[in-house]
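Dear colleague,

I am passing on the structure that follows, together with notes on what turned up when it was examined. Please read the notes with the model open beside you.

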Amino acid sequence: MNKKNIFMMRAIELSIKSANSKGGPFGCVVVKNKKIIAEGSNQVTTNNDPTAHAEIVAIREACKKSNNFNLSGCDLYSSCEPCPMCLSAIYWSHIDNIFYANSRIDAKNIDFDDSFIYSEITKDLENRKIKMHQMHRDEALEAFKIWESKEDKIKY
């Protein structure tokens, strides 16, 4: 079995283990230099944390282990196509490639339907289900002005 297959099978193994316990049926591994550097399984219900998806758990672990928020040079193997939140985290962490097994349609078929979130993202702010209200922009811009002029900032 080639390395990619081994990595995906580990993500699937984690998803099955999670499904057999109190977690959701999702698993993920982060790989660098052909080695798994982090693993994660869905911990939403076990930790009462709606952000504790397998991909997020694995990304957090990979960043902690590497002492870096930038995971360039890493690949992510997920038992399922990442949801919008996880996809955003993958982009923010600069992961190079995503490999996935189950599709978002497969997830929808077992009541993990994120199509609503995908549709909300494309809507104008005033047309979203959760209303957004902008406040105190002028005061908040102060932090942005400080950041913009800061010479020792770490860009991400």
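In what follows, helices (H or I, at least four residues) and strands (E, at least two) are DSSP runs, numbered from the N terminus. This is a predicted model, in which local features need pLDDT of at least 70 and side-chain atom pairs count only at pLDDT 80 or more, while totals for chains, interfaces and linings use all residues. Residues are numbered from 1 along each chain as its sequence is written, and side-chain values use heavy atoms, with hydrogens and water left out.

The overall picture

The chain contains seven helices and four strands, and read from the N terminus the elements follow the order α-β-β-α-α-β-α-β-α-α-α. Taken along the principal axes, the C-alpha atoms occupy a box of roughly 55 × 40 × 25 Å. Of the 156 residues in the chain, 30% are buried, where buried means under 20% relative accessible area, exposed means over 50%, and partly exposed lies in between (1.4 Å probe, protein chains only). Contact here means heavy atoms within 4.5 Å; among the contacts in the chain with a separation of 6 or more, 46% are between residues 24 or more positions apart.

Helices α3 and α4

Helix α3 (residues 54–66) and helix α4 (residues 84–92) have axes that come within 9 Å and cross at roughly 25 degrees. The axes are lines fitted to C-alpha atoms, for helices over the stretch in contact, and the angles run from 0 to 180 degrees between N-to-C directions. Angles under 35 degrees count as roughly parallel, over 145 as roughly antiparallel, 65 to 115 as roughly perpendicular and the rest as oblique, and α3 and α4 are therefore roughly parallel to each other. Their crossing is left-handed, a term used if the near helix is turned anticlockwise from the far one by less than a right angle, with right-handed used if clockwise.

Which residues bring the two helices together? On the α3 side they are E55, I56 and I59, and these meet M85, C86, A89 and I90 in α4. The residues of this contact divide into six nonpolar, no polar and one charged, on a scheme in which Ala, Val, Leu, Ile, Met, Phe, Trp, Tyr, Cys and Pro count as nonpolar, Asp, Glu, Lys and Arg as charged, and the others, Gly among them, as polar.

Cysteines

A disulfide is a covalent bond between the sulfur atoms of two cysteines, and for the count a disulfide is taken as a pair of cysteine sulfur atoms within 2.5 Å. By this rule there are zero disulfides. C63 is in no disulfide, and the nearest cysteine sulfur, that of C74, is 8.4 Å away; C63 is buried, with a relative accessible area of 18%. C80 is likewise in no disulfide, the nearest cysteine sulfur being that of C83 at 9.1 Å, and C80 is buried, with a relative accessible area of 4%.

The loop between α3 and β3 (74–80) holds N67, which has a positive phi of about 55 degrees although it is not a glycine. At 72% relative accessibility, N67 counts as exposed. N70 is found in the loop between α3 and β3 as well and is partly exposed, with a relative accessible area of 28%. N70 and Y156 are 86 residues apart in sequence, yet their C-alpha atoms are 7.6 Å apart in space. Leaving aside its neighbours within four places in sequence, N70 is in contact with S93 and H94.

H94 itself lies in the loop between α4 and β4 (97–102) and is partly exposed, with a relative accessible area of 30%. The phi of H94 is near 65 degrees, a positive value in a residue other than glycine.

The loop between α6 and α7

H133 and V44 are 89 residues apart in sequence and 28 Å apart in space, C-alpha to C-alpha. K129 has its place in the loop between α6 and α7 too, and at 64% relative accessibility K129 counts as exposed. Where does K129 make contact, leaving aside its neighbours within four places in sequence? The partners of K129 are F116 and E120, and the C-alpha atoms of K129 and F116, 13 residues apart along the chain, are separated by 9.9 Å.
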